[in-house]
Amino acid sequence: MALQSSIAENPVQLSLFDPAENQSGIKDTGNPKKFNPALVPDEDFRKSPYTEIPTVKDILKLFENATYKVGVHEFLSDVFECSAIAVSNQIDSRNYIRREEKYKNIMKKYDKEMRFLICDIFSRLYVLLSSQIEVGFNDYLGELYMMSETSNDKSGQFFTPYHLSKACAKLTVDKNQVEECITTDKIITMHEPTVGSGGMVLALADVLYNEYHFNITRNLFVECGDIDTRCVHMCYLQLSLAGIPAIIYHRDGLSLETWDKWETPAYIMQFSRFRRIDK
């Protein structure tokens, strides 16, 4: 009866799917807005869903709580590797067994209190790194690594400050090329043979996303690598949680000898889109 009454009051409405006018009175203009998957709509630039975002200094304090039991160099490496495995094993079934075994072997070194601390640190890293699009890109793990003083003159390992990485990205990005890729829905590719913690990649994603509204999760593909396993884990973690399709190789950048391969969730979920590029 209610449906009949509605039709009677609104004789123009022929059915629920009438293109001329629906029951809410909204007319079909016949000129719908064209959807461009390579361009992020303005309304999708939103704030983080988290009420509190931990800082690098907050996380560093947790690391300091553990150094009286184990060296900061070892503990930092273990946290990065376990965190990377925790993300990888949610989606990368091909490497699950091997990486899960490695995760268990690392955790066996620590008592219950330290295991909970590792989980606490990972949860904070997850919130921080997965909020980069909303609160701002940065090389957070590179900053954490440098502040922990595990990198020094003897190791000769220094990560490029993020503001310099971003300046390089701005100089490198070609506006016309980006706009063409947006118009034609093409993929921008990046190769970084000595990626470190991924600062250069994040800087490029920062410029593309914030200055051009470029869809970095769908139209950016990154192939990178590093000889340092800790860098591989840091880079994988940051790019994965930033939603960047990427393959990170544990390899010698000169000889190209390769020992491992880490694929981010955004890459695995869109494998058919990127498989022709990854060759």
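**Note on helix geometry and packing**

1. The model is a predicted one, and the values discussed here should be read accordingly.

2. Helix α3 is also mostly covered, with 13 of its 17 residues buried.

3. Helix α2 (residues 56-64) packs with helix α5 (residues 112-129) at an angle of about 170°, and their axes are 10 Å apart. Angles over 145 degrees count as roughly antiparallel, and α2 and α5 are therefore roughly antiparallel to each other.

4. In this pair, α2 contributes V56, I59, L62 and F63, which meet L117, D120, I121, R124, L125 and L128 of α5. Sorted by class, the contact of α2 with α5 comprises eight nonpolar residues, two charged residues and no polar ones. As a general point, an α-helix has 3.6 residues a turn, so residues three or four places apart point the same way.

5. Helix α7 (residues 140-147) and helix α11 (residues 229-241) form another packed pair, at an angle of about 140° and with axes 9 Å apart. That angle makes α7 oblique to α11.

6. The residues of α7 in this contact are Y140, L141, G142 and Y145; on the α11 side they meet R230, M234, L237 and Q238. By class, five residues of the α7 contact with α11 are nonpolar, two are polar and one is charged.

Key. Residues are numbered from 1 along each chain as its sequence is written. This is a predicted model: local features need pLDDT of at least 70, side-chain atom pairs count only at pLDDT 80 or more; totals for chains, interfaces and linings use all residues. Side-chain values use heavy atoms; hydrogens and water are left out. Axes are lines fitted to C-alpha atoms, for helices over the stretch in contact, and angles run from 0 to 180 degrees between N-to-C directions. Helices (H or I, at least four residues) and strands (E, at least two) are DSSP runs, numbered from the N terminus. Angles under 35 degrees count as roughly parallel, over 145 as roughly antiparallel, 65 to 115 as roughly perpendicular and the rest as oblique. Contact means heavy atoms within 4.5 Å. Ala, Val, Leu, Ile, Met, Phe, Trp, Tyr, Cys and Pro count as nonpolar, Asp, Glu, Lys and Arg as charged, and the others, Gly among them, as polar. Buried means under 20% relative accessible area, exposed over 50%, partly exposed in between (1.4 Å probe, protein chains only).
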